Structures are given as C-alpha cells and as structure tokens.
Amino acid sequence: MGKLLETNELTRYFDIGRNQRVHAVEQVSLAIDEKEIVGLVGESGSGKSTFGKTVVGLHHKTAGTVSYRGEQLPQKYEPRDFQRLATKMQMIFQDPYSSLNPRMTVGEIVGEGLRLHSDANSASIKEQVAVWLTKVGLQADHMSRYPHEFSGGQRQRLGIARALILEPEFVVCDEPISALDVSVQAQVINLLGELKERMGLTLLFIAHDLSMVRYVSDRMAVMYLGSLVEVGKANEVYFDPKHPYTEVLIGSNPEPDPQVERGRPSTAIQGEIPSPVNVPPGCRFANRCPRVMDVCRQSTPELIPLKDVDRHVACHLYT
Amino acid sequence: MSEALNLANNPMLLEVENLAVEFDTYGGVVKAVRGVDFSVEEGKTLAIVGESGCGKSVSVQSMMGLIHMPPGRITSGSARLRGEEVLGRNELNGKEIRGAEISMIFQDPMTSLNPTMTIGDQIAEPLQVHRGLSYRQAFGEAINLLEMSKIPEAAKRAKQFPFEFSGGMLQRAMIAMAISCKPSILIADEPTTALDVTIQAQILDLMQDLQKETGMAIILITHDLGVVARMADEVAVMYAGKIVEHGTVDDVFYRSAHPYTLGLRAAMPNNDPARQHELKPIEGSPPDLFAPPKGCGYCARCPFAMEVCDKHHPQDYFLGDHHFSCCWLHHSDSPTKPEELYFKENS
C-alpha cells in the first residue's frame with residue numbers, strides 16, 4: 001500500500017495581536033497510507049481540528065507541506081485549487097447543527113458538490129442524491145426537506161452524504177460522532193466502516209473518545225498542544241502506551257466495566273492543557289508530566305521511532 | 001414496589017414514587033416523565049442513564065422545583081426526603097430545600113454562572129441566603145470551599161470572573177457552590193460531558209472525595225456508561241420517560257436484563273482484548289412522547305419484541321433484591337427467557 005497523503009512539518013500559527021501567536025499546529029509530520037484509518041486524539045485545544053482543516057486546505061499553511069499522491073499541495077488554496085481537489089478530499093464537520101445551511105433543502109445541500117464538480121444534469125443529480133440518501137439510511141423523499149426537520153444523528157448522516165457523494169479518496173472526519181447519542185454513534189461508525197469497505201476510503205478520524213478511536217482506527221496518533229507525541233497501531237498504543245501523556249489520557253478514559261474501574265488506581269493528573277500562545281521551549285508536556293526530567297524543560301523531544309516496537313514517540317525517556 | 005426497594009435496613013434518604021411530568025407545547029402535551037420510581041441512600045451514588053430526551057433531567061429538575069409551571073406540570077407522584085414530601089414545597093423544617101438540602105451542578109458551567117459576578121461572590125451568595133452569614137464571613141468561607149474543590153490560589157481566584165476560568169475550573173467552582181450549604185443530596189446533571197477525559201477524571205475524583213468527607217448522596221445523570229461504571233453504586237436505566245431497569249452497578253453491567261440495556265452495551269466498544277465485538281447500533285429512534293405507545297416504549301426498536309409488547313405495558317419483574325427489569329421477556333409465559341438473553345450477550 002502506498003502513501004496517499006503525507007504532511008511534512010506542517011505548521012499553522014494564528015496571530016492574535018501584538019507579539020501574540022497561537023501555536024495551533026507545530027511541525028506535524030504524519031503519513032497516511034491508502035485505505036487506512038488514522039485516528040487523531042487529544043484534548044480540546046490540542047490542535048486536532050486545525051490540523052484536519054489545514055490538511056484539506058481550509059486554513060492556509062504557515063510552514064511545512066502537504067503532499068497528496070506525491071504532489072505537493074499549494075500553501076494557500078485558490079478557488080481553482082478547491083475546485084480541483086474537492087473531488088479527491090472532503091471533510092465531515094463536527095457540529096451537525098451549524099454545518100448545514102438552514103436555507104437550503106437537503107437535495108440542494110447534498111447535490112451541491114455534483115452540481116459544481118460534474119457535468120451531470122439536474123435529473124441525474126437528483127437521482128444520485130436519492131441513492132446517497134438511502135445509502136446513509138435516510139429516505140429519498142427527504143430531499144425536499146430542510147435541515148431543521150432532522151435530528152442530530154440524521155443531520156450527521158446528511159454531512160456524510162454531502163462529503164461522500166463526489167466519491168472522494170480521502171476524508172477528514174472531525175469528531176463525527178461526539179454530538180450523538182450512544183445508540184446513534186454506533187450507526188454512524190458502522191456506516192463509515194461499510195462505506196470504507198465499499199469505496200476504499202482513507203480516513204483521518206479526529207475524536208476525543210479513545211475507546212471509539214481504538215475500535216475504528218488502524219493507527220492512532222496522539223496530539224498534545226499542537227505536536228504529535230505518539231503514533232502507532234491503534235490497539236498497541238491503547239493497550240501499551242509509551243508516552244507519559246498517552247498513559248495519562250488512556251488511564252483517564254473510564255471503561256464501561258465496574259470491576260475494571262474499581263481495581264484501577266486513580267490516574268488523574270494535576271493541571272490542564274496550557275495556553276498555546278507563545279509556547280515555552282522544551283517538551284510541551286513537561287509541566288504536567290509525572291516523569292519529568294531536567295532535560296525536558298530545555299530541549300524539545302523529536303518524534304522518533306522506537307527500537308523494538310513499531311511506534312513513534314516524542315519523549316526524552318526514549319532518547 | 002417501594003417495599004421491595006426498602007428491604008435493606010438502611011432507611012432511604014430520598015424516595016421518589018410514580019413521578020410523572022408533562023409539558024404543554026404548541027404541538028400538544030409532551031409526556032416527558034411517565035411514572036418513575038427511584039430512591040437514594042445516604043452516602044451512595046445513584047446513576048440515571050439514558051439517551052437525550054428520555055426524561056432523566058426533567059425527573060430530577062421537577063424534584064428541585066426547577067420546572068417552569070406552566071408549561072410544565074407534575075401530574076402525579078411524590079418525592080420524600082427523609083420521609084417528608086418535597087414536591088411543590090420550598091422549605092422543609094425551616095430549611096430551604098433547593099440549595100440547602102438538595103443542590104445541583106449542570107452540564108455547562110459557563111452558562112450556569114453569572115458572568116457579571118466574581119466567582120467568590122457567587123459562592124458566597126447561597127451562604128448569605130441560606131446560612132445567614134455576613135458578606136465577609138461568606139467570602140472567607142467561599143475561599144475555603146474553593147480550596148476544598150482543589151482550586152489552586154483560591155484567594156486570588158475568588159476575585160476573578162467566570163470568563164477567566166477554564167471549563168474544568170468552572171465546574172470545580174460550581175461544585176464548591178453546590179456543596180457550600182452541606183446538602184444531603186448533590187444532583188450532577190451530565191457534570192463532565194463538556195470536559196476532556198483528563199479533566200473528567202479530576203472532577204469525578206473530586207466528587208468522590210467530597211462524598212467520602214461529607215457523606216452526601218449523589219444522583220448522577222449521564223449517558224456515559226464508563227462514568228457510570230466508575231462512580232455508581234446503583235443504576236437506573238431510563239427510556240422514553242420510564243425506568244426500564246434498575247439495580248446495583250454489578251447487576252446492570254454483568255446481569256443486564258432489559259433489551260435496551262443490552263442494546264446500549266452492544267453499541268459501545270469495550271476495551272477488553274478478550275471480548276471484542278462488532279458494534280451493534282440500536283436501529284430506529286425513540287418514540288414520540290406526544291403520543292406515547294400504549295405498550296412498552298422500547299418495543300419498536302427491540303429485537304425481541306413480541307405481540308404483547310405493543311399492546312400492554314409490562315410490569316417490573318424482580319430478578320434480585322434490588323434488581324428489576326420492566327420487560328415482558330421475564331414473564332413466565334415468555335418464549336425467550338432472560339437467561340438466554342445473557343447467554344446471547346456473552347457468546
């Protein structure tokens with residue numbers, strides 16, 4: 001399997017006034033293979049969504065590159081870049097309430113991609129929209145309705161249909177399930193899995209629900225304050241975390257099993273994710289890390305492969 | 001049924017019986033809660049689980065007198081705190097119920113706090129109202145409470161406004177405010193849903209520590225079975241305005257009897273490498289509570305549904321001292337036995 005998408009030291013800063021800079025994404029290098037699902041996890045404010053949006057060109061890149069099938073994508077997208085790449089890359093947004101235009105009918109929302117990116121006439125667009133609505137578990141006659149007539153889970157399906165109707169190769173799913181109830185989450189996850197099998201999709205799956213990411217993903221990448229701290233096979237990272245932050249994150253994830261929970265020591269760590277404005281040098285996790293050393297406060301650890309396991313970790317414990 | 005739940009010698013701190021709440025809307029009358037019974041013991045945690053719209057928040061809010069009437073209406077039921085009725089009353093033996101006896105924390109601390117008052121003033125307010133302290137005493141007590149909630153530099157933080165706090169810190173401040181009058185019951189309505197897992201772990205630890213220190217009972221409303229497993233002593237599973245299964249946390253997790261509880265568990269990934277399963281979503285959506293079904297509310301989505309389920313509402317079948325499930329499958333004439341349900345679930 002070849003690499004489909006690769007980011008190389010991708011960086012995105014936001015200037016927020018005099019000498020104030022949000023280091024939202026800092027030098028993230030991540031390669032995604034064809035037909036692979038990569039789960040990206042981290043706390044809110046860690047830069048997961050910014051990374052996803054930068055990859056599909058919704059933010060321009062402060063530094064670094066994104067290449068798609070070996071082709072380097074522009075630093076800042078022009079309208080024609082969106083026009084060209086929209087058929088290959090798509091995004092499913094987090095909030096199913098604010099990501100659908102309330103003044104457009106479902107048929108217009110889902111069919112808009114086809115109208116802009118193919119020469120299909122309106123009759124065949126209508127036909128395809130109907131097909132996709134049934135594929136995502138809605139009905140063809142929902143086409144003439146408006147978004148407010150749907151529940152959260154149904155809207156999320158509309159978002160999925162809209163993203164997939166152009167049959168893209170690569171889709172960024174930004175927290176596609178976090179706004180949904182447990183029973184509906186499973187519906188959406190299974191739908192994505194089914195479509196992946198059928199269409200050979202490659203997914204970047206951004207979420208903060210660790211159990212779900214482990215279940216869905218082939219590989220898992222853990223992000224903290226704009227940088228990747230650990231990348232590896234999803235099951236291995238979950239059951240055998242190497243980076244102290246991953247350990248804390250997984251230790252804090254409550255398991256739906258009372259016996260496991262009773263036997264587990266409290267792993268809550270002090271403090272919260274620091275502000276990404278003007279980040280100090282050194283490891284970004286140093287001030288919360290239970291195993292911090294002197295070197296951590298001085299130099300920033302690189303994301304390096306471990307010797308005996310298939311894993312990349314950015315931590316001085318392993319250098 | 002309350003006799004059965006009272007088998008333990010320990011008298012119940014709070015007993016809710018047959019509580020029903022409805023709302024008038026333009027579209028008709030929504031029967032949000034349709035006869036709910038539960039009880040809480042001192043120092044114990046009851047978790048109420050269910051998906052959005054199942055009535056879990058409404059049932060506790062009606063107890064607190066937080067339902068606007070109209071459009072809301074409590075049509076039947078009683079809630080007794082240490083044997084005395086609290087529904088429709090503001091005071092109990094000279095002590096206000098809301099705030100002093102039962103207090104509450106909410107899902108979204110940012111919108112639950114007053115943005116124009118400092119955190120310290122907001123915590124001091126109930127102390128002045130309920131305990132009659134002077135402003136100065138109350139503010140000092142507020143700082144103590146913030147320290148109890150493990151907020152660093154409490155004296156400085158008390159003078160800050162909500163926008164200067166992060167989500168986790170605000171939730172701690174909410175907890176400090178909720179415990180300020182030493183309530184006997186703390187109701188936590190999705191207290192960690194808006195927080196990250198690391199912060200969630202901190203807040204849950206804090207709630208458990210405070211419960212050990214003060215002996216208060218906690219009613220935890222959540223949809224996260226992981227949080228339930230971690231916190232709860234007893235669990236009530238709600239669906240479409242009714243409690244469908246109730247039992248100790250072990251009963252509900254290891255001897256799940258109601259098809260909805262089984263369905264919820266099958267819809268979540270578990271992290272036990274020995275017991276991996278495909279996620280099985282619950283198809284369909286909850287019933288319309290404008291016209292609730294005559295029979296079992298879960299019938300339309302239930303894989304084990306029988307003819308009787310659609311027409312008649314099942315009674316509560318007791319499977320243990322504290323464990324009941326409201327499902328026709330437990331009836332002696334049922335073709336599928338609950339034991340077979342467990343078996344199916346485990347294999």
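**Notes on the chain A and chain B interface**

1. Let's start with the contact itself: chain B brings 42 residues to it and chain A brings 35 residues. Please keep in mind that this is a predicted model.

2. How much area is buried between chain B and chain A? The figure is about 3,200 Å², and carbon and sulfur atoms give 54% of that area. The size of an interface is often given as the accessible area lost when the parts come together.

3. On the charged side of things, one salt bridge is found across the interface of chain B and chain A. In this salt bridge the side chain of B:D250 meets that of A:R262, at 2.5 Å from N to O. Polar contacts between chain B and chain A come to eight residue pairs, with both residues at pLDDT 80 or more.

4. Which helices of chain B each supply at least two residues of the side that touches chain A? They are α7 (167-178), α8 (197-214), α9 (225-231) and α10 (249-254). The most comes from α8(B), which gives seven residues to that side. By type, the residues on the side of chain B that touches chain A divide into 18 nonpolar, 13 polar and eleven charged.

5. Strand β1 (residues 14-25) and strand β2 (residues 28-40) of chain B run antiparallel and are joined by ten bridges. β1(B) and β2(B) form a hairpin, with two residues between them. If you want a pair to find on screen, B:E22 stands opposite B:K31 in β2(B).

Conventions. Residues numbered from 1 in each chain as written. Chains lettered and ligands numbered in written order. Predicted model: local features only at pLDDT ≥ 70, side-chain atom pairs only at ≥ 80, totals over all residues. Heavy atoms only, no water. Contact = heavy atoms within 4.5 Å. Buried area = accessible area lost by both parts, 1.4 Å probe. Salt bridge = Lys/Arg side-chain N within 4 Å of Asp/Glu carboxyl O. Polar contact = N/O pair within 3.5 Å; in protein donor to acceptor, adjacent residues only side chain to side chain. Helix = DSSP H or I, 4+ residues; strand = E, 2+ residues; numbered from the N terminus. Nonpolar A, V, L, I, M, F, W, Y, C, P; charged D, E, K, R; others polar. Pairing = 2+ DSSP bridges.
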